[in-house]
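Let's take a walk through a protein model together. Keep the picture turning on your screen as you read.

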Amino acid sequence: MAAVEGLWDQREDLQDEIYSAQQAVDRARARGKSTKDAERELAAKVEALGQQLRSPAHRRGMTQVKLYV
């Protein structure tokens, strides 16, 4: 179960990073600045989260969780 908790923590960290990146995009838009770099960073974070959620380790971990519930 420790591995599942680690995956869960990684997912939460990525979600926090996505939120922060989205806030950076919003702030740049509000100031009228270029959002290209911020949007690129946001897209990279979203892709990283997607890769983690599709990973075999994540699927195995979620299967373990479902078995214990």
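**A walk through the helices**

Start with His58, which you'll find in helix H3, the stretch covering residues 56-68. Before going further, bear in mind that this is a predicted model. Is His58 buried or exposed? With a relative accessible area of 7%, His58 is buried, because the cut-off for that word is anything under 20%. So who are its partners? Leaving out residues up to four places away in sequence, His58 touches Leu7, Arg11, Gln52 and Leu53.

Two of those names, Leu7 and Arg11, take us to helix H1, where both are on the list of buried residues. Helix H1 runs over residues 2-31, which makes 30 residues. From its first C-alpha to its last it reaches 44 Å, close to the 44 Å expected at 1.5 Å a residue.

Now look at which residues of H1 are tucked away. They are Val4, Leu7, Arg11, Leu14, Ile18, Ala21, Val25 and Ala28. Arg11 has one more thing to show you: it lies over the face of Trp8, at 4.2 Å from the ring centre.

Next, the greasy middle. Which residues make up the largest nonpolar core? There are seven in all: Leu14, Ile18, Ala21, Val25, Ala38, Leu42 and Leu49. H1 and H2 are the elements that give two or more residues to this core, and the largest share, four residues, comes from H1. Zoom in on Leu42 to see some of this for yourself. Not counting residues up to four places away in sequence, Leu42 touches Ile18, Ala21, Gln22 and Val25.

Let's move on to the charged side chains. Side chains of opposite charge can pair when their charged atoms come close. How many salt bridges does a search of the whole structure find? The search finds four. One of them joins the side chains of Lys45 and Glu17, at 3.1 Å from N to O. This pair links distant parts of the chain, since Lys45 is in helix H2 and Glu17 is in helix H1, 28 residues apart. Lys45 is partly exposed, with a relative accessible area of 22%, and Glu17 is partly exposed too, at 35%.

Another salt bridge brings together the side chains of Glu39 and Arg29, at 2.6 Å from N to O. Glu39 lies in helix H2 and Arg29 in helix H1, so this pair ties together parts that are ten residues apart in sequence. Glu39 counts as partly exposed at 33% relative accessibility, while Arg29 is partly exposed with a relative accessible area of 48%.

One more to find on your screen: Glu47 forms a salt bridge with Arg54, and their closest N and O atoms are 3.4 Å apart. Glu47 is partly exposed, with a relative accessible area of 40%.

Note on methods: Residues numbered from 1 in each chain as written. Predicted model: local features only at pLDDT ≥ 70, side-chain atom pairs only at ≥ 80, totals over all residues. Heavy atoms only, no water. Buried < 20%, exposed > 50% of the residue type's maximum accessible area, 1.4 Å probe, protein only. Contact = heavy atoms within 4.5 Å. Expected span 1.5 Å × (residues − 1). Lys NZ or Arg CZ within 6 Å of the ring centre and 35° of its normal. Core = buried A, V, L, I, M, F, W, Y, C linked by side-chain atoms within 4.5 Å.
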